[in-house]
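Hi,

Here is the structure I promised to pass on.

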Amino acid sequence: MLYDFSLASAHLHSVEFQATLQSSESGDVEGLSEIDLDVHKRFYGAMKADPYFLELYRDYFVGLLKVIHPDLYYIAIQRLPNIRFHLPGTVVVPPHKDTDDETFKTAHPFGEENFLLAITESFNTSAMYIESSENRGDYKHVQMEMGDIFIFDGNNCTHGNRINVENHTRVSIDFRSVTIDAFIRYEERGIRRVTRPNVARTPIQLTIGDDAYYEVLVHPLYGYYTEKEQVDSNRKEINSISKIFGPRGDFTTSPEISQLFGEMIAINITSQWVEMGEPENCCVVELGPGRGTLMKDMMNVWKSSESGVFQRFYKSVKEIKFVERSRTLREVQCATIGGGEMKLVTSRKSEEEEGDEDEEEDEDEEKKIIKQEIEDAKLMLAAKMDAMGFGINNRGKKTKQQPAQKQQHQQLQFPQKDRLASAKIDGKTLSWHDSFGDTAPESSHESPTHFIVAQELLDALPVYSFEYTPGGWRERLVDVDISGEQLCLVKSKGATVAVKGLLGEWENSHNEAEKQKKHKFSFGQIVEVCPEAITLSLDIAQRISETGGSALFFDYGSENYKGGHTLRGYHKHTEVGILEKPIGEVDITGDVDFNRIKQSVERSCWGETVRVNLETQGNWLVGGGICERLKMLIENENVTEDEANLLYCGFERIAGEAEGQMGKVYKCMELKAAH
């Protein structure tokens, strides 16, 4: 238990506070800094050492922001929260605005939202005071019950504490959030640049993996896969995607090289379906569909083949689902697969479809839901923190929220354009989803048999990078260099939560000498870990185990990764550094550790119900009959010599093992239900 006393009486149990109080003839403790108190240090020590707390904090904060800002796709949050111990006789934070001077400007971007979570009751002089809006001067104390949340504009409204004359310690946690676009705009203006370069400071703490990775690749305005959406409305957006995929783009995938690739996958899925007894209710899911070329080639086999088995399979398919976040790519995929044959449904209704009266009723209902979700989140937080030893019992008081404040800088909102949600073709439903979890069947009863394909998806998931140093493993982080103009990679000062939680067999000994002797580490050695590739594979294994079916992963990577640097960028088919060009202009990728994924699935609770097979892409294609299929196509009397040459060149590229070919470098991992 972190504290074995009521936090409201922390002043009675703090050794430093009591010592200062007794040594002062007048009993003056106003100058005592809370960060020097043992109760304060104990919290930060436990918080940094326990990844569960950080996970709890993040889950709670992100969940809260989702109900407060449901229209925002991405938002940045303060990495570590602040805790405040406002003891009797002290002033925790003097009155200020977060943008008062250059010191504050280097720490707080414009557009921040401040959140104050009451751990103990706060009242009178133990509470924070704040003006109602900028420069109003009508200061009031924020009276809060335990568990209340107060949201305010700390950038523009003066706030702070007075000397606490109550016989009561106020304890609260505060944290901040800011929209990603506001943060990027803030960085571009240079307000965050180093004003005192000789002063020791810490990195931005954006790991190469996790959220920073997603901001680079799929941020709605600046992301690599989505920034191409910002094109002139008079131009055809479908053409802009050529900047990413294909000969004129940054990379070319197997489906774009040869139709044979999609045909072999269609044949494999159909064979699996026959082995299962030809179930009548099936669902095909593709993750990361690109331009939709792969699905188009697969559907052509199922629809156009003269063999009845392919037509029977296509008839059994009731749904085809795509996991795709990009609005533009959704439209491109739809056009590639069916174009004008489809009936389309977007994710938002038009204004003509909703009357003013209905909107008001919906808004009232939405407010009720948000209010209830905030209350539920508070109760959940209190229960979890109580379990962690904070001794907090939320009394479920109503959330206090400051009225909307005047913003010094208008927030740039993400474009709220309609996104393609579903379509109809051949009597089947095609639907688009943001995550694999969203593709789950609505009911566990009569769940369709699933056939899942992920082609060059795993390499685009977040990668954590670590380097071995004389002090042990350190995480590689993104920082701003000394000029304040460029991003650079730096090493963490100590072992981060990611080091302790993700390195696995690389960090299984407490003795550095023993680890180095066992694993023969050398200083400067790099190890990369992609936890989301493992969790996604486990989620897919669970789906296959529950519904039956199979899953196919195709990507470049290693069957036995032993460490090493693979994280890199691609721009116009040329390998570049991940920070060499402006954010959002480079495809960032890393080799997939297939063996680790395979072992994770086999050792999981689904290892007995799902079989895993791993081989090179070339072996899989040849074993599936690509040579026979190629011969059949080339010998067709309607195929010209030029077409035959293109078919053969495409075959060599995707199945060959020579340098520059994909057959050996790329791997195929297959998950198949054992029953």
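A charge counts as sitting over a ring if NZ of Lys or CZ of Arg is within 6 Å of the ring centre and within 35 degrees of the ring normal. Lys-428 does this with Tyr-314, lying over its face at 4.2 Å from the ring centre. Arg-162 does it too, with its charged end over the ring of Tyr-129, 3.9 Å from the centre.

Keep in mind that this is a predicted model. The chain averages a pLDDT of 76, and 71% of the residues score at least 70. Go carefully with residues 380-417, where pLDDT stays under 50, and with residues 102-106, where pLDDT also stays under 50.

Now the inside. The largest nonpolar core has 46 residues, and Ile-265, Met-298 and Trp-302 touch the most other members. Helix 9 (residues 259-275) gives this core its largest share, seven residues. Leaving aside residues up to four places away in sequence, Ile-265 touches Leu-294, Met-298, Val-453, Leu-552, Phe-554 and Trp-620. Another core, of 34 residues, lies apart from that one and has Val-323 and Ile-544 among its members.

On to the rings: there are 21 aromatic pairs. Phe-313 and Phe-451 have ring centres 5.7 Å apart and planes at 80°, so they are edge-to-face. Phe-313 and Phe-451 are buried. Elsewhere, ring pairs join Tyr-57, Phe-61, Phe-115 and Phe-175 into a cluster.

Cheers

Notes
Residues numbered from 1 in each chain as written. Predicted model: local features only at pLDDT ≥ 70, side-chain atom pairs only at ≥ 80, totals over all residues. Heavy atoms only, no water. pLDDT = per-residue confidence, 0-100. Contact = heavy atoms within 4.5 Å. Core = buried A, V, L, I, M, F, W, Y, C linked by side-chain atoms within 4.5 Å. Buried < 20%, exposed > 50% of the residue type's maximum accessible area, 1.4 Å probe, protein only. Helix = DSSP H or I, 4+ residues; strand = E, 2+ residues; numbered from the N terminus. Phe/Tyr/Trp six-rings, centres within 6.5 Å; stacked < 30°, edge-to-face > 60°.
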